[in-house]
Amino acid sequence: MKSLPNLILLLLICLTLPKCGKKDTITITNENKREILLQYGKENLENDVIIETGFGVIRLKLYAETPLHRANFVKLIKDGYYDNPEFYRIVQNFVVQGGVPIKKLDYTIPAEFNPKFYHKKGALGMARLDDHNPGKESSSTEFYIVHGNKYADWEYDEEERNTGLKTSQEQRKLYTTIGGEMSLDNQYTIFGEVVEGLDVIDKIASVKVYSTERPYKKIPFEIKLAK
């Protein structure tokens, strides 16, 4: 057991060090984002995320094939960015969108489109601002989960023609049986998917909303990395 003088000495040392007792975080900018996120991703390999809501638990798997988005999401969670988050935009048969709407970060994430991934029900993607964004870079903080709708074969064919997408039989099967939102493909980066809790997405998507797509009652959640 430390003596009182030693404890006082340790306290004085701590008070003189600005980082003592504080988490050492890295500031990301548009200039350093690729380098920082790639390095962070190599050092932080987590890809299993849990979202706890009043409607139940959603479990997400993050994709290694989208390293910038995965690393950024893990960093936000570890840094405690998502304090008091909520699902603040609800569009039934389209998406539920979450984050901390009044708090933003000043960088975007380069698009990581991958033909392996498409906007099936439960797909996890990052939102974005379209103004002055020819590279379709993602928001660094606001994410969405696809609720979507099941396509009839004729609807699928029409959407394929309208979007100019070249799709696979696997995509057709998923979109016509599980559902999704084809209009988002090759437009927004998908970096993960729901592996547990699609029924929770259904419940959230069915809540009553204002004309602004904001829910009548706040839908808070807690987000963490699985241990």
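Okay, so α4 crosses α5 in a right-handed sense, where right-handed means the near helix is turned clockwise from the far one by less than a right angle, and left-handed means anticlockwise. Before I go on: this is a predicted model, with local features needing pLDDT of at least 70 and side-chain atom pairs counting only at pLDDT 80 or more, while totals for chains, interfaces and linings use all residues. Numbering runs from 1 along each chain as its sequence is written, and side-chain values use heavy atoms, with hydrogens and water left out.

Back to that pair. Helix α4 is residues 153-163 and helix α5 is residues 169-177, and their axes come within 10 Å and cross at roughly 125°. That makes α4 oblique to α5; the classes are roughly parallel under 35 degrees, roughly antiparallel over 145, roughly perpendicular from 65 to 115, and oblique for the rest. The axes are lines fitted to C-alpha atoms, for helices over the stretch in contact, and the angles run from 0 to 180 degrees between N-to-C directions. Helices here are DSSP runs of H or I with at least four residues, strands are runs of E with at least two, and both are numbered from the N terminus.

Who is touching whom? On the α4 side we have Asp153, Tyr156, Asp157 and Glu160, and on the α5 side Gln171, Arg172, Tyr175 and Thr176, with contact meaning heavy atoms within 4.5 Å. Sorted by class, that is two nonpolar, two polar and four charged residues. The scheme counts Ala, Val, Leu, Ile, Met, Phe, Trp, Tyr, Cys and Pro as nonpolar, Asp, Glu, Lys and Arg as charged, and the others, Gly among them, as polar.

Which residues of α5 are buried? Gln171, Arg172, Leu174 and Tyr175, and they pack against α4. Buried is under 20% relative accessible area, exposed is over 50%, and partly exposed is in between, using a 1.4 Å probe and protein chains only. Just after α5, glycine 179 has a positive phi of about 105°.

Next helix pair: α2, residues 33-43, packs on α3, residues 67-78, at about 75°, with the axes 8 Å apart. So those two are roughly perpendicular to each other. From α2 the contact uses Arg34, Leu37, Leu38, Tyr40 and Gly41; from α3 it uses Pro67, Leu68, Arg70, Ala71, Asn72, Val74, Lys75 and Lys78. That divides into seven nonpolar, two polar and four charged.

Also in α2 is isoleucine 36. Ignoring neighbours within four places in sequence, isoleucine 36 contacts Ile26 and Ile28. For isoleucine 26, the separation from isoleucine 36 is ten residues in sequence and 8.1 Å in space, C-alpha to C-alpha.

Most residues other than glycine have a negative phi. Asparagine 84, not a glycine, has a positive phi of about 55°. Asparagine 84 sits in the loop between α3 and β3 (86-91) and, at 64% relative accessibility, counts as exposed. Glutamate 213 also has a positive phi, near 75°. Its loop runs between α6 (198-205) and β10 (221-225), and at 27% relative accessibility glutamate 213 counts as partly exposed.

Zooming out, the protein has six helices and ten strands. Of its 227 residues, 44% are buried. Among contacts with a separation of 6 or more, 74% come from residues 24 or more positions apart.
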